[in-house]
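Please examine the sequence and structure shown below before reading on.

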Amino acid sequence: MDRECVSALPRVCEVLAASGGSLPDDTSLEKLLDWFTELSEAGVSLLEACPCLLGFVSAVVSNDAASEPSVLSFTLKLTGLLAASEDGFKVLQDSVLDRVFDFRHWQAAGLWEDPCIRIGWIQGLRTMLQHSQALDFFVQADFTEPLLQLQTDTSLFVASAASQTLAHVLLLCQSVPSPEGRHRETIPVETDGKYSAVVAGFCDYLKKSLVPKEASQLHGSQQVLKLLAKLLTRAGPPLRDRLLLTVSDPLEELVTTNYSQLTLPLMDVILAAHSSCGGGERVARLLSVMLSARNPADLVHAAAAFLRSSHPDPDNRARSAGVLLLPLDVITGLALLGADSSADQHRSSVMEQLRRKTSCVSMICISLTNVPQVTSTAPDCLPCSPAEIVSAVLSVLRLCSGDSPSSSPGCAEVLRNVTGSGRVQKCALDALSALSSSSGVKVLLVEVFTLLIQYLNSPASDPSVIQKSYQVLVKWVDVCADLSDVTEQLREDLVQVVRKRVCDVRWEVRDSTVEFLGHLAAAPASLASDKEKARNALECLPGGRCATVPLLQEALQDPEGYVRASSVSALALTLAPSWQQGAAPPQQEAEIVTRLLEILSQDTQGFSRRAVIRFFVAWISSCSSPSSCSLLTQSIPSILSRGSADLDWEVKVHTLELAELLLDRASESRRHPYAVTPDRTSTHARAVESDPVSMLNSLVDQGVFSALLSGLVDCDRPVGLKACQLLIRLRDTVCPLLLGDQDVSDALVSGSRASCELPGCGWAREVRRILGTATAPRNVHGADGLGPEDRGEEEEEEPAVRVGVCDALRRLRLDERLAVLAQSSDHVHNSPLSLLQDILTVSRTKTHLDSQLGQEVIVDCY
Amino acid sequence: MKLTYCLSGHPTLPCNVLKFKSTTIMLDCGLDTTSVLNFLPLPLVHSPRLSKLPGWVSKDGTINLEKELKECAGRVFVDSQPEFCLPEVELLDLSTIDVILISNYHCMMALPYITEHTGFTGTVYATEPTLQIGRLLMEELVNFMERVPKAQSATCWKNKEIQRLLPGSLKDAVDVWTWKRCYSLQEVNSALSKVQLVGYSQKVELFGAVQVSPLSSGYSLGSSNWIIQSHHEKVSYVSGSSLLTTHPQPMDQSSLKNSDVLILTGLTQIPTANPDGMLGEFCSNLAMTIRAGGNVLVPCYSSGVIYDLLECLYQFIESANLGTTPFYFISPVANSSLEFSQIFAEWLCHNKQTKVYLPEPPFPHAELIQTNKLKHYPSIHGDFSSEFRQPCVVFTGHPSLRFGDVVHFMELWGKSSLNTIIFTEPDFSYLDALAPYQPLSMKCVYCPIDTRLNFHQVSKLLKEVQPLHVVCPEQYTQPPVSQSHRSDLMLELQPPPMPYRRCSVLNLPFRRRYERVYILPEVLLSSCGCPGRLPVLSYKQSQYFFGDGC
């Protein structure tokens, strides 16, 4: 703990105890408590390190009438924290503990009405209850009753905290740490007299409050069910059995009363009971009732909850799958369920629900959303194959577009509810996406393609539906990498629709289209006729890359920044194979590079500029040798200088990533027979590039060194940090080599050979200042005493100077800078000392103002 | 008697006659121009292809109509001046019509046939934009026909015995003997001279018995629905209305409340096509074609949706990098149409009205013209031919592709797959329109933009205004034939709507409860012998009798 903090804390405690109202802001006390919690978790004994805290607690509770509720609440929480350790508990037990947690005292003082006092009391208790002494204290003080009352508190925060604390208490009752705190021992709840009262009290509460007597109590029942589910999941056998025994009758009553709002929490409880111990016959029966005898809307919720729980119970999984498939069966008319399905008894009531718009959309969406869970069920539990489910989902999508009638009798009204429903369309597309990896569905590839292209082509399709359609298409292409089954006509249709959508009025559609092209380029795919050739999905389309690159080039001019950014990324993915093969047509390459450099220097949107730098990073990464991408190599200085001068810090960080890549390449080139430097004969290159000086010169020529130096003095911390790390790496890898290879004097000479020019303006001026190479400041103030900036003049540019690279790397004090940059920007502002000082400063200011105000009042009186 | 005589079977080109309180009111005067699809196109420049089409002879050789009928790509077309299918004129004596109420400029195209050839002596009521733009459309139609005169007139094929042996759509065409050639400019002027202008919510008294009043219908410039009411009865006539936010004043819905009968016509012809989606399709197909180096042809009317298309393109051009692409609007009335749209500020939506006070032109096509991005010409001849630059976008008529400058562009661009024709007008089947141009290489895109009420909107509207009875074309009471499973594409009302078809006569279900009568004091006194006692009024067999109350 900081010495300055230790010395400031007593004064802070005094201030808080005396006038808690004058705090810098509402979060100060929370921050203070967080700091104490961190210290405590780090193993610091708070009472030993900050003895003033005990005095503070005593002072506040003994003078509670004068204390602010927020300070009181803080004190309660702090007391809990101090008493969380057994030593601290002993100290407090002898002094203030009883008084602090005496809720009757707070009630009598009229402070209990304030929710912040109640929540302070609960959280204090919760924090304290870490050991058996604390639990004994809790039991002896009989805090179970008030904690149960707080379950239905008017404040939701209080009720929620009370519920969590109660669960904590009960779980602690069954497993308290041993006095040594090394291991936990399980205490048999039923036989342990000390804690049985707590459990008994809770069980009584459960019996009384689980079943709502009236509609207004539904919320209360929901809370109790949530608490019960939590306990059943985590409790061990004695407590769990006791709880189950207690709630069996109320649960049965709830299951049969059909409260729709309680379906999901009730299902959670039953599943928790069922999972933890099998629950016995009674729980199995309740589960069976939940999955069969409720109204269809609740039934699908229950079935979905059961499947999501991944419980390996084949009968109930089959039943749940049937329940979830029934709405799809009814609406599509496809016989998804076997003739003797148990879900079939609900057919007419499901139809009834589907005729109502709200319940129809909701029910179909739940069915579709849970299709992945349905198909994850063992095949012998499913009434139909995954391919039939895919057909049903496709059928739903056709119904949504209004193009085909349902083959189900009496479905005209239902059809009206789903026609044009974006929600159903999106759920169905998600389901289709998830189903792509199911077994035996590849036979439907053509159908899926046809429908998705139809969706992409439809003027009625919403941008989000179009985006999802593209995503599903990519997913299916990914899974069915062999696109031979997709007819030439379909592939042509896809190209046509993409051509159209890339010109769409809605930028979201253009964006997702361009993204789609990138994803296709990245998706491995082939045609059976062309097996020997490794290809991507884009190459399998008519025209292949040649057809799509012009579309992406056009999209580089898009007025919307997001689209430009996406097209840059898609271009990178599309051109990657040609970069690897060195096959990009020079003309096209030149056009793209020119346009990208324009975007980098002129685009007003950061997204596009970031994408451009990432594009070049990807290109350089793919480039196998400088000769295969000479244009790129020539462009590197421009990219680095423009990227470094960008206003967006992310662009600058990406530029430094590019510089890092070039550094890596340069390092590699010292070991490998190629380099990023322009063409040279290989033998000569080998001779020169094994020389570190030459490597440094090459980096300087490319602008890597300038980019790193400008990043180092950048005002954005992530940029400075990255640049500093890279410069240190460069210093540590290259400069010792120079020193090791030759003697020091030679090194200095060599170092001076690898030099870099620093201009006299911008970032270089700051670097020169650090290096001490700046010319002495001239007296530029005129007779009027004003400097050039005051007079609206530009600062005069100094002449450029050359500095040795290694020399500069040594003199930049990079390690010191790294230490500073590694700390977060707000580390000073957010430090505990700053917090303590803020509290003291505000307090002093308030006192000062109060005294001034008092004087003024006196003056006014006269 | 409250009777409706239905003279048109076309739900969006209605022509109904309402007999109400001894007044005979014609509601709209739509001209069904789909009949022109049976005719060969009228090329502006000699077309070797069309002139070489083989004549039609029946398979057994017994009927030879080589001069009247030509075969093209397996279909048969009449080689004659195109003719139109008029509203039914035999169902009642049209000279008895007192007034004609026009709801929008598309629904008045048959006016000269009614006012000039039936003995009509009444008055036509319409708003000013309806009259002016209606005049432009009529003049354009006349111009299209008159500048390519065709000497021969085909009539033999109309012979009933021959017609039933003809192939395809000609065999099924109805009332072909009533089809008429286009009217003349003189007839247009004479018909329009009978129009009396009215403003929205203006009340017009008809013979003291009935009051009629137009309400904004939100569909086009000056478009109206009509309220026809007596003291105790109210009939609403809803025709071509829109709830979308486009250029016209929004629809006045509240005034339609408390109607005894609501006559509902002019719903969207393409209920499955959302206008916004179609506008998007239009733009993306246009951009796709231009980027590929092709030309875009948009067959359209010279007023209406074209204003919205140009407004949409105004925003789209820059974003799609189409700034250098020329846009041409070719119509004999192009200039007037673009200018009229800018001067009818009071008939425009609020946003556009406020622009006038800035002052700025309400429609952005003014800026497109100013910056030379949009150029308009009366015809392909003259200045256009010297300034024509490709690739380009051409807006021109007629949407049927049977006459007008569009015929020339079809002949010019039809052979290249780089070019695209985009149909935006919903009045004609695009497949039928393209039939005489087959085989065709140019791409075809169907983006019908119909902003009129769809079934969902009209259901909400009717729930809101709650008329006691609804009368509508029979097409609205069942789903479209091509989508018989779509029960959402029809009107489902309680009580069910009264359907009508061409030549139907409906007795409107009024329940008369009150009637206002004026009695002269002398009559009153003479009908009762006892001074100071009032006579008793009784009603028997549609007549009122005063009896002695003594």
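## Cavities in the model

A search of the whole structure finds 8 cavities of 30 Å³ or more. A cavity is here a set of points, on a 1 Å grid over the protein atoms alone, where a 1.4 Å probe fits but cannot get out; lining residues have an atom within 4 Å of a point. Grid points are joined across faces, edges and corners, and a volume is the space filled by probe spheres set on the points. Rolling a probe the size of a water molecule over the atoms shows where empty space is left.

The structure is a predicted model, in which local features need pLDDT of at least 70 and side-chain atom pairs count only at pLDDT 80 or more, while totals for chains, interfaces and linings use all residues; side-chain values use heavy atoms, with hydrogens and water left out. Residues are numbered from 1 along each chain as its sequence is written, and chains are lettered from A and ligands numbered from 1 in the order in which they are written.

The largest cavity holds about 210 Å³ of space. It is lined by 22 residues, of which H106(B), Y219(B), V305(B), E425(B) and R452(B) are the closest to its centre. The lining comprises 7 nonpolar, 10 polar and 5 charged residues. In this classification Ala, Val, Leu, Ile, Met, Phe, Trp, Tyr, Cys and Pro are nonpolar, Asp, Glu, Lys and Arg are charged, and the others, Gly among them, are polar.

For the second largest cavity the volume is about 180 Å³. Its lining has 13 residues, and those closest to the centre are T33(B), H106(B), M109(B), Y301(B) and H398(B). By class, 7 of the lining residues are nonpolar, 4 polar and 2 charged.

## Two domains of chain B

Chain B is divided into domain 1 (3-270 + 453-507) and domain 2 (275-446), with bounds that come from an automatic or database domain assignment. The C-alpha centres of these domains of chain B lie 25 Å apart. Their contact (heavy atoms within 4.5 Å) takes 49 residues from domain 1 and 48 residues from domain 2. The lining of the largest cavity draws at least three residues from each of these domains of chain B, and the lining of the second largest cavity likewise draws at least three from each.

Between them, the domains of chain B bury about 3900 Å², 68% of it on carbon and sulfur atoms. Buried area is the accessible area (1.4 Å probe) that two parts lose on being put together, summed over both. Domain 1 and domain 2 of chain B are also linked by 3 salt bridges, each a side-chain nitrogen of Lys or Arg within 4 Å of a carboxyl oxygen of Asp or Glu. D432(B) and R75(B) meet in a salt bridge with an N to O distance of 3.1 Å.

## Chain B against chain A

In the contact between the chains, 19 residues of chain B meet 22 residues of chain A. The area buried there is about 1700 Å², and carbon and sulfur atoms give 57% of it. There are 4 salt bridges between chain B and chain A. E281(B) forms a salt bridge with K500(A), where the closest N and O atoms are 2.5 Å apart.

Key: 1 Å grid on protein atoms, 1.4 Å probe; cavity = no way out; pocket = protein on both sides within 12 Å on 5 of 7 lines; lining within 4 Å.
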